Amino acid sequence: MTATDSSSVPSAPPRGVVLHPSKGKVIAITSGKGGVGKTFLSANLAAALTRRGLRVLVLDADLGLANLDVVLNLYPKLTLHDVFTGKCTLEEALVQAPGGFTVLLAGSGMVEYSRLTPEVREDFLRLIGEVVPRFDVVLLDTGAGISDVVLFALSLASEVLLVATPEPTSLTDAYATIKVLATQQQRQLIRLVVNQAARPGDGRAITQQLQTVLNRFVGSGKGPGVRLVHMGDIPIDPAVKEAVMRRQLLLVHTPGCPAALAVGQIAGRLVDTVLRAHAAV
Ligand SMILES: Nc1ncnc2c1ncn2[C@@H]1O[C@H](COP(=O)(O)OP(=O)(O)OP(=O)(O)O)[C@@H](O)[C@H]1O
Ligand SMILES: [Mg+2]
């Protein structure tokens with residue numbers, strides 16, 4: 001059984017088993033270091049993919065410290081927590097976001113989701129099994145780092161989009177995340193977005209540097225190793241902060257600004273590489 005089966009409810013796979021739903025269906029947006037732009041990218045990428053004719057769900061997978069609702073100016077009455085505890089149906093918790101996509105919000109301060117218990121695993125797996133057939137693409141806005149909750153969320157994704165900034169601390173944390181994904185989850189391909197880039201070409205150079213270190217220290221000898229694919233750079237742009245302060249999508253607030261154009265290009269690359277079968281354009 002896979003997570004894409006809609007006919008029955010999936011149960012938790014044995015420890016170490018990794019689910020990879022069909023190509024491009026579930027894309028996790030993650031980072032090693034926090035605060036690098038995952039939620040900003042998740043929301044705006046969702047808007048850009050919606051414009052390309054895809055039915056998009058963004059799932060706030062940063063259980064416990066969720067803030068997708070803040071960025072989108074939403075005040076959810078029902079959250080993932082209510083779905084998990086049976087207080088409402090999945091349908092009731094799905095919210096229409098300003099960009100025309102759907103979100104499933106997590107609610108903040110849920111300490112019970114800070115640890116990966118068997119219940120959290122079961123709830124999450126069942127949820128993924130239920131949402132995957134209903135949307136063309138499901139974006140998981142995960143927490144930062146390599147906690148077991150984050151790694152579990154990543155194990156549910158068919159693609160991992162890792163966000164890093166050019167700061168050395170962000171890059172060392174990105175390296176640590178890639179290493180864990182390659183060695184514990186046998187990921188062979190990880191897509192990299194360099195956010196808050198200072199100069200054009202930053203991202204390509206950073207991808208090459210990381211790849212060189214990975215080739216030397218991860219997967220050498222046994223196994224195919226891990227390949228990084230550079231999906232694009234997003235420049236530092238004051239319009240991003242302005243949009244966040246106004247709790248608007250950047251693609252709505254300032255659609256022509258450099259960061260918005262960059263997100264649009266990344267959406268195009270995702271469609272070309274992993275979502276072609278689902279896109280209308
Ligand atoms: N390209 C950019 N240019 C300028 N500022 C940016 C850019 N990207 C992100 N930021 C700033 O970084 C802040 C943090 O972004 P965001 O909340 O998306 O990060 P995150 O990775 O989701 O954080 P967390 O790890 O806490 O979930 C934004 O509110 C914005 O002010
Ligand atoms: Mg976030």
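Predicted model: local features only at pLDDT ≥ 70, side-chain atom pairs only at ≥ 80, totals over all residues.

Trainee: Which residue in β5 is the bridge partner of A28?

Mentor: Strands of a sheet pair through backbone hydrogen bonds, either parallel or antiparallel. For A28, the bridge partner found in β5 is L140.

Trainee: Which strands stand at the edges of the sheet, and why is one side of each left without a neighbour?

Mentor: The open sheet has 8 strands with mixed pairing, in the order β3-β4-β2-β5-β1-β6-β7-β8. Each edge strand has a single partner strand, so one of its sides has no neighbour in the sheet. From one strand to the next, the twist averages 25°. The strands at the edges are β3 (94–96) and β8 (227–235).

Trainee: What angle does the direction of helix α8 make with that of β8?

Mentor: Helix α8, residues 202–217, packs on the sheet and touches β7 (189–197) as well as β8. Helix α11, residues 258–275, lies across β5, β6 (159–164), β7 and β8, and runs at about 155° to β8. For α8, the angle with β8 is about 155°.

Trainee: Is T165 buried or exposed?

Mentor: T165 lies in the loop between β6 and α7 (168–184). A residue counts as buried if 20 or more other C-beta atoms lie within 10 Å of its own. T165 has 24 such atoms within 10 Å, and therefore T165 is buried.

Trainee: How many Å apart in space are T165 and V194?

Mentor: In sequence, T165 and V194 are 29 residues apart. Leaving aside residues up to four places away in sequence, T165 touches V36, S170, V194, N195 and Q196. From C-alpha to C-alpha, the separation of T165 and V194 is 5.3 Å.

Trainee: How many residues of the shell around ligand 1 are charged?

Mentor: The shell consists of 19 residues, and the closest to ligand 1 are G34, G37, K38, T39 and F40. The elements giving two or more residues to this shell are α1 (38–51), β7 and α9 (238–245). By class, 8 residues are nonpolar and 7 are polar, while the number charged is 4.

Trainee: What percentage of the residues of the protein chain count as buried?

Mentor: The protein chain contains 11 helices and 8 strands. Among its contacts with a separation of 6 or more, 76% join residues 24 or more positions apart. Of the 281 residues, the share that counts as buried is 46%.

How values were computed: Residues numbered from 1 in each chain as written. Chains lettered and ligands numbered in written order. Pairing = 2+ DSSP bridges. Helix = DSSP H or I, 4+ residues; strand = E, 2+ residues; numbered from the N terminus. Axes fitted to C-alpha atoms, helices over the stretch in contact; angles between N-to-C directions. Contact = placed C-beta atoms within 7 Å. Buried ≥ 20, exposed ≤ 12 C-beta atoms within 10 Å, placed from the backbone. Near = placed C-beta within 6 Å. Nonpolar A, V, L, I, M, F, W, Y, C, P; charged D, E, K, R; others polar.
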